[in-house]
Number of protein chains: 2
Amino acid sequence: MTNTSKNIVALAGGVGGAKLAYGLAQIVPPEKLTIIVNTGDDFEHLGLHISPDLDTVMYTLAGAANPVTGWGVKDESWNMMAALARYGGPTWFQLGDRDLATHLLRSNWLREGYPYNWVTQELCRRLGVRSAVLPMSEQPVRTIVQAEEEELAFQEYFVEKQCKPAVKSIRFAGAEEAQPSKEVINAIRMADTIVFCPSNPLVSIDPILALPNLRRIIAAAQVPKIGVSPIVKGEALKGPAAKMMTELGMEVSAVGVAKHLKDVLTGFVIDHLDEAHQEAITNMGLRTLVTATIMKNDEARVRLAQEVLEFAGVRNK
Amino acid sequence: MTNTSKNIVALAGGVGGAKLAYGLAQIVPPEKLTIIVNTGDDFEHLGLHISPDLDTVMYTLAGAANPVTGWGVKDESWNMMAALARYGGPTWFQLGDRDLATHLLRSNWLREGYPYNWVTQELCRRLGVRSAVLPMSEQPVRTIVQAEEEELAFQEYFVEKQCKPAVKSIRFAGAEEAQPSKEVINAIRMADTIVFCPSNPLVSIDPILALPNLRRIIAAAQVPKIGVSPIVKGEALKGPAAKMMTELGMEVSAVGVAKHLKDVLTGFVIDHLDEAHQEAITNMGLRTLVTATIMKNDEARVRLAQEVLEFAGVRNK
């Protein structure tokens with residue numbers, strides 16, 4: 001653990017964000033770390049409330065994530081899916097047998113009326129996750145992708161259509177009315193640093209910022225707010241960020257991401273491979289750190305987390 | 001297939017009943033066989049609608065039943081349960097990974113508003129079950145066991161408490177108001193024979209008869225109505241029937257079962273081992289058949305089904 005007694009808030013989406021959150025969780029005392037997670041990917045499937053990004057963060061922090069896919073749990077089996085396929089049931093969304101325990105418990109608790117926040121804490125606690133993992137809101141927000149011909153719920157776009165349709169626009173249904181929970185607001189108010197994990201800016205970070213009150217308190221926070229680029233050398237490390245940015249006419253680079261988020265950032269971390277972009281980002285008024293941002297293993301996650309906190313001025317070297 | 005063109009209705013609960021239903025399904029053309037199944041065991045668990053007896057009948061007819069337990073599916077795995085246990089979730093009711101596909105599909109369809117009957121037909125059709133398997137009612141009926149100290153939902157008594165509490169009485173919540181479905185009524189009206197499968201009379205057959213209109217049309221049907229004793233030599237072949245009958249002050253024998261059901265029967269089938277009881281049952285006004293009723297394998301199921309239909313006068317020898 002680091003010697004800091006500072007409060008760290010991290011905003012995260014899926015796999016890339018979860019990796020940095022894992023690094024932070026290794027060096028920040030659990031009571032000092034809050035991870036606010038995108039719930040715009042949530043959807044109902046077979047009567048289950050499925051929270052892909054929360055699960056990825058939770059499983060990753062618990063050391064239970066599937067190391068190959070990045071999502072789901074390790075040592076997974078797929079026998080429910082095999083039986084579902086025999087029934088001719090929907091098989092486009094993979095539900096692992098072990099993973100199902102999470103969906104069943106969460107869905108049942110939500111149906112019984114427990115707050116989403118409580119449900120998430122309870123799942124985390126039982127998995128041994130000690131840092132606070134918070135859904136961005138108690139209210140539903142749903143990422144909707146406007147493709148060429150049709151509107152797609154995010155999981156339909158992402159999983160069923162494998163990100164193939166060209167994206168014309170993205171909206172976050174319900175975001176205007178959704179409120180960040182008390183716990184989310186308190187965490188940000190108490191934060192000494194806010195870290196924007198290297199998640200897809202368009203469908204992981206944007207939904208969080210789409211909540212007007214959440215965006216406002218993040219923008220107003222007078223603390224270091226550090227983004228980490230999910231784009232390295234013009235490519236997303238994982239997922240469809242680069243393709244989506246291209247289709248939406250954005251510059252597919254660390255500069256493009258920095259530009260997109262600059263109103264809520266004070267600093268930005270880019271990879272050595274993108275050193276050429278440092279000046280452009282500095283010129284936006286952001287401090288910059290150039291380092292190795294690709295997290296190939298647990299050590300790299302911890303090292304990047306340390307560097308991000310040092311860059312934010314939170315840690316004594 | 002038999003050369004009969006007669007319509008056969010079978011009433012069934014769990015494992016024993018499902019075995020005879022399987023036998024009937026091998027010799028009666030599918031469009032001529034309707035199996036009406038107890039739903040008093042149904043319960044909600046983890047947000048899933050679970051239908052133990054329907055599943056046992058359906059899996060058995062599909063050739064998919066677990067040959068060891070009698071319930072659940074063969075080649076089952078238990079990884080969801082292991083993950084649920086890790087969460088400290090409820091583990092008293094075993095949900096196999098493959099079995100979960102059934103519960104998820106059924107629960108989701110019911111939640112979407114599809115009739116229970118449609119849902120059951122659809123599951124059966126997709127598993128290749130061609131005979132009609134009907135829940136006894138669209139409306140909920142719940143078997144409640146009054147034990148020494150407390151009232152227990154049937155699955156709590158049967159699974160969680162392993163039938164240990166002494167039974168003082170049994171009631172069927174909702175039965176007074178529940179109506180048999182149109183399909184159930186039609187099947188009985190068209191029936192040329194009604195077979196009471198060797199299921200627990202108290203918690204498999206009684207809930208069916210607890211629907212006033214269902215009992216009335218069965219009682220009024222002027223066709224052979226043949227019971228098969230689930231008690232042989234004073235013991236239940238499976239399950240708690242003997243223990244429950246003892247605790248409720250009934251004679252634990254084929255005679256006790258015949259006495260319990262005689263108002264709705266015209267004939268009763270007992271095992272060779274109970275030949276000494278034949279006279280007592282005949283004296284109740286029931287025709288009797290003494291034969292081998294223990295169904296140790298598929299051949300025995302088919303043979304007993306044949307004998308029952310011959311006894312009912314449905315088949316030409």
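Two strands pair here if DSSP finds at least two bridges between them, and the elements themselves are DSSP runs numbered from the N terminus: helices are H or I of at least four residues, strands are E of at least two. Before selecting anything, know that this is a predicted model, where local features need pLDDT of at least 70, side-chain atom pairs count only at pLDDT 80 or more, and totals for chains, interfaces and linings use all residues. Residues are numbered from 1 along each chain as its sequence is written, while chains are lettered from A and ligands numbered from 1 in the order in which they are written.

**Stop 1: the sheet of chain A**

Start by selecting β13 of chain A, residues 267-271. On one side, look for A:Ile270, which stands opposite A:Val290 in β14(A). Strand β14 covers residues 287-291, and five bridges join it to β13(A), with the two running parallel.

How buried is β13(A)? Five of its five residues are buried, where buried means 20 or more other C-beta atoms within 10 Å of the residue's own, exposed means 12 or fewer, and partly exposed is in between, with C-beta atoms placed from the backbone. Show the side chains and you'll find A:Gly267, A:Val269 and A:Asp271 pointing one way, A:Phe268 and A:Ile270 the other.

Zoom out to the whole sheet. Seven strands of chain A form an open sheet in the order β5-β2-β1-β9-β10-β13-β14, with parallel pairing. At the edges sit β5 (132-135) and β14 of chain A, each pairing on one side only. On average, neighbouring strands are turned by 20° against each other, direction ignored; for angles in general, axes are lines fitted to C-alpha atoms (for helices, over the stretch in contact), and values run from 0 to 180 degrees between N-to-C directions.

Next, select residues 8-12 and 33-37 of chain A: these are β1 and β2, parallel and joined by five bridges. A:Ile8 faces A:Leu33 of β2(A). "Touching" means contact: two residues whose C-beta atoms, placed from the backbone, lie within 7 Å.

**Stop 2**

Select A:Leu237, in the loop between β12 (235-236) and α10 (241-247). A:Leu237 counts as buried because it has 20 C-beta neighbours inside 10 Å. Beyond its neighbours within four places in sequence, A:Leu237 is in contact with A:Gly16, A:Pro230, A:Val232 and A:Ile294. For a distance check, draw a line to A:Val269, 32 residues apart along the chain: the C-alpha atoms are separated by 15 Å.

Move to A:Lys233, in the loop between β11 (231-232) and β12 of chain A. Its phi is near 55°, positive although the residue is not a glycine. Is A:Lys233 buried or exposed? It counts as exposed, with 12 C-beta neighbours inside 10 Å.

Then try A:Cys163, between α6 (154-160) and β8 (167-173) of chain A. This non-glycine residue also has a positive phi, about 60°. A:Cys163 is partly exposed, with 16 other C-beta atoms within 10 Å.

**Stop 3: a helix pair in chain B**

Switch to chain B and select α1 (residues 15-27) and α13 (residues 298-312), which pack at about 75° with their axes 7 Å apart. That makes α1(B) roughly perpendicular to α13(B), a label for angles of 65 to 115 degrees (under 35 is roughly parallel, over 145 roughly antiparallel, the rest oblique). Residues making the contact include B:Leu20 and B:Leu24 of α1(B) and B:Val302 and B:Ala305 of α13(B).

Not counting residues up to four places away in sequence, B:Ala21 touches B:Ala10, B:Ala12, B:Ile35, B:Val57, B:Thr60, B:Leu61 and B:Cys197.

**Last stop: where the chains meet**

Show both chains: 21 residues of chain A are in contact with 21 residues of chain B. On the chain A side, α3 (79-86) and α4 (97-111) are the elements giving two or more residues. α4(A) gives the most, with nine residues.
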